[in-house]
Amino acid sequence: ETFDTRTRDFVTSTSILPWLSVELCAAVVDDMTPSEIEEMLVRLEQDLIFIVSSGPQRRARYHQLFADLVRNTLRLEDRDRERDLRRRAAAFLATNDNVAAAVEQYLELADAAGVVRMVVEHGRLFYERNESATLVRWLRSAEAVATAPAPELGIHLLAAEIAALD
């Protein structure tokens with residue numbers, strides 16, 4: 001079955017998301033109301049084999065291979081659109097206490113400054129929960145994509161590596 005234009009645009013826009021919820025989809029889809037998004041998600045879940053539920057909260061998401069295919073197509077066809085969608089998703093996730101998902105969006109954007117900003121704002125929580133290794137992984141990934149020397153990144157990476165030794 002082929003998608004109509006509206007469905008194809010919705011799936012393409014939301015393919016960059018870690019899960020599908022009305023609120024998160026609304027952060028990246030401009031031309032639909034929350035009730036239209038909810039209807040679309042229900043229809044997609046009923047009609048498509050490409051949506052699965054996973055995790056402790058049973059969140060709906062696209063099947064990984066399907067999402068990868070759609071994201072790769074988006075990246076090849078319109079890299080600027082992908083970057084805009086990811087920025088919007090990261091902003092929504094960050095303001096809704098989904099730090100890890102926001103950082104993953106910044107990493108996909110190769111936005112080292114965005115990762116550092118998230119670590120500065122939320123790193124203490126990860127240190128307190130003994131999750132310094134997560135900070136190390138994020139900061140090393142950010143360091144790998146940084147386009148210019150970033151002393152602040154290096155300082156935070158060093159602190160996270162020291163904390164991870166404990």
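In the predicted model, the charged end of Arg129 sits over the ring of Phe126, 4.8 Å from its centre (CZ of Arg or NZ of Lys within 6 Å of the ring centre and within 35 degrees of the ring normal). Residues are numbered from 1 along each chain as its sequence is written, and side-chain values use heavy atoms, without hydrogens and water. As the model is predicted, local features require pLDDT of at least 70 and side-chain atom pairs pLDDT 80 or more, whereas totals for chains, interfaces and linings use all residues.

Three aromatic pairs were counted (ring centres of Phe, Tyr or the six-membered ring of Trp within 6.5 Å; planes under 30 degrees apart stacked, over 60 edge-to-face, the rest tilted). Phe50 and Phe66 are stacked, at 4.2 Å centre to centre and 10° between the planes. Phe66 is buried at 10% relative accessibility, whereas Phe50 is partly exposed at 30% (buried, under 20% relative accessible area; exposed, over 50%; partly exposed in between; 1.4 Å probe, protein chains only). The rings of Phe126 and Trp138 lie 5.0 Å apart between centres with planes at 70°, so this pair is edge-to-face. Phe126 belongs to helix H7 (residues 112–128) and Trp138 to helix H8 (residues 132–145) (helices are DSSP runs of H or I, at least four residues, numbered from the N terminus). Phe126 is buried at 4%, as is Trp138 at 1%.

Arg86, in helix H5 (residues 79–95), is buried at 3% relative accessibility. Beyond its neighbours within four places in sequence, Arg86 is in contact with residues including Ile16, Arg71 and Glu108 (heavy atoms within 4.5 Å).

Conventions:
Helix = DSSP H or I, 4+ residues; strand = E, 2+ residues; numbered from the N terminus.
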